[in-house]
Amino acid sequence: MSSLLRLATAGSVDDGKSTLVGRLLYDTKSVLADQLDAVTRASVDKGLSTPDLSLLVDGLRSEREQGITIDVAYRYFATPRRSFVLADTPGHVQYTRNTVTGASTAQLAVLLVDARKGVIEQTRRHAAVLALLGVPQLVLAVNKIDLVDYDEATFTVIAKEFATHAETLGYPRGSVLAIPVSALEGDNVASRSERTPWYSGPSLLEHLEEVPVAPDPHDSALRFPVQYVIRPRTPEYPDYRGYAGQIAAGTVRPGDEIVVLPQGIRSRVERIDTADGPLEEAGSGTSVTLLLTDDIDISRGDLIAAADSPPRITDEITGTLCWLSSKPLKPGARVLVKHGTRTVQALVDELHARFDEQTLSSVDSPASLELNDIGLVSLRLAEELGVDDYGVSPRTGAFLVIDPKDGDTLAAGLVGERFS
């Protein structure tokens with residue numbers, strides 16, 4: 001079992017995400033005494049008799065005053081069984097872009113619904129985004145179960161409705177665990193509650209500790225975006241030429257044959273350097289400096305890949321976009337595409353379809369993509385890129401669409417058609 005789990009929370013505004021995260025931190029004793037004292041004082045100032053645990057997460061003053069989460073709040077906590085990195089994402093529709101950011105690296109997502117409201121439009125939107133990003137594990141937390149008197153029938157209706165929706169999005173039948181919780185009271189969060197005797201499953205924390213998570217695929221083909229070229233040119237290192245970056249996928253060893261893209265030049269790895277000394281092997285997620293046996297003109301933005309399994313070299317990408325800007329996207333728009341460490345100019349060639357996450361249907365040839373729309377788009381690139389399908393290699397199958405005028409991020413893109 002992996003000792004680290006990266007997870008994200010998602011759900012509509014006021015579903016209680018921040019309170020649930022605060023409860024997890026509190027129940028796992030991951031809160032410092034001075035933090036708890038500050039939250040207690042702030043809660044008293046608000047006229048509350050018990051600490052408002054959501055204040056442990058809502059860190060910005062504007063968030064605390066409005067009682068909402070605006071930014072993605074990252075929290076770290078641990079139990080004797082596992083360590084966790086948690087991204088608490090916003091619930092408001094206008095902050096869906098932050099949900100995409102928080103969930104992009106998650107191995108599991110906890111999607112909250114209010115037991116009084118059930119599955120609503122934003123629930124379906126977040127489920128679609130999680131499926132789009134390929135988050136492999138999904139938990140439905142039916143929160144505020146105390147406000148419906150711990151009613152089993154209410155929970156069952158919500159769980160069945162969402163299970164059907166998740167299955168349509170591609171999650172296998174029976175793979176989504178639904179848990180009745182009360183973040184405020186602590187029911188079924190860290191331990192099972194006696195107030196839900198009809199529920200026989202694990203508490204949320206028990207499930208998070210036990211759920212199997214696939215490790216990073218070190219056996220996939222090497223993908224190494226070059227971030228920086230190191231040329232000290234000092235008396236000690238007069239001829240040193242190293243290529244620094246983080247391994248996006250696969251494993252590299254000295255002697256491995258590689259190809260530099262988009263040039264297509266082949267060479268072999270001579271050495272793998274790190275701040276702690278050379279390595280005989282380095283895998284996905286490791287930051288290293290590669291030295292090659294040949295002198296090659298390599299710069300930031302180039303991709304070093306396995307010679308026997310290179311990515312596709314192309315000047316056109318057809319991909320699924322989650323549009324994150326209030327400015328609509330229309331055919332003919334000029335944008336920037338950031339893929340790995342490389343940024344190139346691009347032209348929006350065609351809008352093939354827009355996915356309706358509420359009805360799970362597609363609209364062909366839309367005139368534009370609006371804020372939070374998900375669509376299939378073709379982009380023509382000014383320079384060639386080495387890309388993989390997102391389903392094959394998420395880290396080299398993802399890209400950003402950027403406004404060339406002000407540098408704002410317009411969309412998160414995934415190479416390939418994620419919804420049919």
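Good morning. The protein chain is divided into three parts by an automatic or database domain assignment: domain 1 (3-210), domain 2 (223-306) and domain 3 (312-415). This is a predicted model, in which local features need pLDDT of at least 70 and side-chain atom pairs count only at pLDDT 80 or more, while totals for chains, interfaces and linings use all residues. Residues are numbered from 1 along each chain as its sequence is written, and side-chain values use heavy atoms, with hydrogens and water left out.

On confidence, the pLDDT (the predictor's confidence in each residue, from 0 to 100) averages 87 over the protein chain, and 91% of the residues score at least 70. Residues 60-70, however, have a pLDDT below 50. Where pLDDT is low, the predicted coordinates should not be read in detail.

I turn now to domain 1 and domain 3. Their C-alpha centres lie 30 Å apart. In contact, meaning heavy atoms within 4.5 Å, are 15 residues of domain 1 and 14 residues of domain 3. The two domains bury about 1,300 Å² between them, 65% of it on carbon and sulfur atoms; buried area is the accessible area (1.4 Å probe) that two parts lose on being put together, summed over both.

Which helices supply at least two residues each of the side of domain 1 that touches domain 3? They are H4 (96-103), H5 (121-132) and H6 (152-168), helices here being DSSP runs (H or I) of at least four residues, numbered from the N terminus. H5 gives the most, with five residues.
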